[in-house]
Amino acid sequence: MLTLLLVVVVIGRTRYERLILIGRCCVPLRLEALKAAITEAKSGSDITRYKDAWQLLRSVAPDEPEAKRDDEWIESTELANRNETTRLETELKGYKNNLIKESIRMGNEDLGKHFESIGKLTEATDAYNKMRHDVSTTKHIFDCGIHLASIAFQRHDWATVLSNVGKISNIQTGDDEQAQQAYTKVASGVALMGLGNYYDAANTLLLTNPNVSPTEYNTVASPNDVAIYGGLLALATMDRKALQARILDNQSFRMFLEHEPHIRKAISLFVNGRYSNCLSILESVRADYLLDIYLQPHMPTIYSRIREKCIVQYFIPFSCVTLDSLDAAFGAPNQSVEPELIRMIRDGSLRARIDAKNKLLVAVSPDPRLVVQTNALAVARKYEQEAKERLRRVNLIFSGLEASGAKKLPGPGVGGPEVNEAWYEENGQLAGQGAEREDQES
Amino acid sequence: MEEVRRIFVEFSPSPAVYPSPKAYDVAAKSYAACVTRLSISIQTAIQLNPVEALQLLDPSTNSIGCLSIIDTLLRGSIPETIPRSLILDGAVRFLLGFDPIQIRYVGALFRSLLEDLGSFFSPLVAVELLANAILRIDPSGSVFTSTHLIMVKLAYDTNCIEPALKVLDADILFYPRNSQPARPENAKHLYDAEAEPYIYIASASLTDAIKSTSILEYHLLQAMVYISRKDWPKAQVALERVIGHPTKDKAVSKIMVDGYKKWVLVGLLREGRPPSFPSYVTSATKSTYNGVGEAYNTIASLFTTDGASALKEEFDKGRSTWEEDLNLTLLEEAIVSYQKWQVINLRRIYHQVSISQIRQMTLSAQTAETLKDDEEVLLLVSDMIESGMLKGQLQIGPTAGESYVTFHEEHALMTEAEFAAEVARSHNSIQVLTKQYRVTNERLGSTKDYARHLIREHKRMEKDLADAGVGFDSHIEDEDLMTGVLGGA
């Protein structure tokens, strides 16, 4: 139920997408979610959406009253959409004939909005892009950017989101600058997360201004989402000191965290070294987060990173730990952490060795003397070898004994490096003589 | 026979008898010219009395005459009553004891004797004699001669490797310069015991003309010799000399390509991962290698992954290629070593690990499956520890599966004294190298090319000096800045 509540906070077209996601993935909530999605779709004018939601619901619960296809609505909406498109296009044409810049821009904006609402995203992008020709104030540029970013969001095209948000993030508009900053931070944070760039995403989200009303950015995410995304990503990418300084002691981000006490608790547990508690809190909310539209694809990576960090942190103060105690702290019942440890050691994220006989995890503590000796000898040997090789090469070239391409015959393969087949021919001498001849010429 | 005796004992081989080294040089030259062009009657006289002829001179004091006699005897027909082994023994005595300075006066004859050794002696003896002769001529073994190639070919073809190793292990640093005739000032140093080997070897014609292919072939065969001994590090060094051979016009010879293919496989065997190119291989050469050795690169990149089945598949798929390149055995060796490297890599994860765990975690690339039972794994691991491939210790448990392997550090800690000795050795050899660098520098500095370059530089400098007339103190009007000074520059 928590999730459904969360969805309600978000407005705009992502709301439908969130509902559909829940309907697809979550058995206990899907009926409710799909019904809500149908209502949501019907309140707009996107027929495809309605059909999708209806089909999902029909396959899940054919007996519900909503599972009956509302053809009447479809037809009437289709007609209305078509009329509206024609009307707006004619209007735009009129503006264009009159050459009034502002009207053309508004016409394009209206057309774009209309296309967006009926689900024709490509046409909407075109229309919004055309707005850019006729902008006259910074506010217009900003609007245009937001429109384009919002379409890119719907397509999950994160790179485009970032480029559009980037274009507007430095515009100074005066009064509502703070509000715009909040939008750009949230939007680019979510897009960075979409690209898998977790550390930057966390950094961006942490800079969101909490005093701005959520309505500025709730087309993208709610304040709860900001807290969850920012908190989880920071937990996955930052060390304990940074977490303490930049999250727990960060007055502005604290306000977001108040919406999500779990996250705050998990972070403070992590900072205080109580890793298993931290993980169990995260585990308890995993199901909810899995139903989040932006978080879902990244959940496994983010969670496993946090887990790895916990294990690494847990192990730092010890020189050796029994595998049993690690199992107790991190393992699920009847499941050892050993395979996970092996993977982490292989990746290099955990500097330790497993002692399978005594069931221990032993820290690697290289003997500094050995390291110095090995390095010194390796350097000396390498220097010696390289010096010899270079001397040899100098003398080779001095004696005119380079492998030479002989005479290049006109034919196929001219231009590229060729393999000289005639290796028993007298290339060496030819090369030598060739060099001599060159010398004389120069 | 009296005539023979008269001709041969005419020369007194000890330099002390002569008033100056110059006089010795003159005498030795005329003596060498005389004994290398014997008249038919003298030759027959020698061939009729081999025993006497062999006893006439001591090989270590009068090597010039001795060589002539031995050459005459080996190539001519001797009376049937005399066993041929007598003459061969004489030849062996000569080759083991000849005087390295005198031999410079009869370099061409001596070289032709060395070239034909394989037909006179059994391969094992011939290789031994060749190696000895090479090192007597040039104790450092750092100059490449045509004899090197003859020796390594004979050694590799007949599998008589042991005696050749002392020559193969020496680093070759110099090459006789054959594109120019021996300079007269070099020729007069033939008697100089301190002369650098690369000077007298070329001027005494102790080597035939060298081609770049001879050098490539030598190093490739050298690598093959090491490969047959499973001495991967040395094989890799030799192959790096092949693939890194300086080239002109982006050309890559076929030997170099062959060398590259072997180099990739040897790298896998040596380090368990694809080798990385030495710094001096140019990017054009690299891309040629990558193009022609694609099948090998695929194998190499699969070698470090868990994909034993993919590796096996790739190996089976390219069987004809491996056969064509004569690399099948080497490749099979690499495939066998795949599992061994997986075991070795476990040391990065485990401090101690049981045999049964090793069995579950490693795959054989021959079957793309785990080994059948723990006994087999135990055998594999103990073999690896015995051969020194794996540094570790086995603790035999009640069953094979409960036996444990303890991995040791890759490098053992040295005592300070050992470390100091090792550092001193490196220091020493680098100092020797520095000397050789100086020599090379002088050698390069005295060439025509360098002189021409210097003159050109000098001219350029003069020109620059004339142009750069804008000193700090010279006064330039602002308006002139754009027109006068910059325009002239």
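In chain B of this predicted model, the buried residues of helix 14 are covered by elements that include helix 13 (212-228), helix 15 (254-271) and helix 16 (283-292) of chain B, where helices (H or I, at least four residues) and strands (E, at least two) are DSSP runs numbered from the N terminus. Helix 14 (residues 232-243) is mostly covered, with nine of its 12 residues buried, a residue being buried if 20 or more other C-beta atoms, placed from the backbone, lie within 10 Å of its own. These buried residues are B:A235, B:Q236, B:V237, B:A238, B:L239, B:E240, B:R241, B:V242 and B:I243. From its first C-alpha to its last, helix 14 of chain B reaches 16 Å, close to the 16 Å expected at 1.5 Å a residue, the expected span being 1.5 Å times one less than the number of residues.

The contact between the chains takes 52 residues from chain A and 59 residues from chain B, two residues being in contact if their C-beta atoms, placed from the backbone, lie within 7 Å. Helix 20 of chain A gives the most to the side of chain A that touches chain B, with 19 residues.

Strand 2 of chain A is joined by two bridges to strand 2 (residues 350-354) of chain B, and the two strands run parallel. The bridge partner of A:D355 in strand 2 of chain B is B:Q352.

Residues are numbered from 1 along each chain as its sequence is written, and chains are lettered from A and ligands numbered from 1 in the order in which they are written. Local features need pLDDT of at least 70 and side-chain atom pairs count only at pLDDT 80 or more, whereas totals for chains, interfaces and linings use all residues.

Notes
Pairing = 2+ DSSP bridges.
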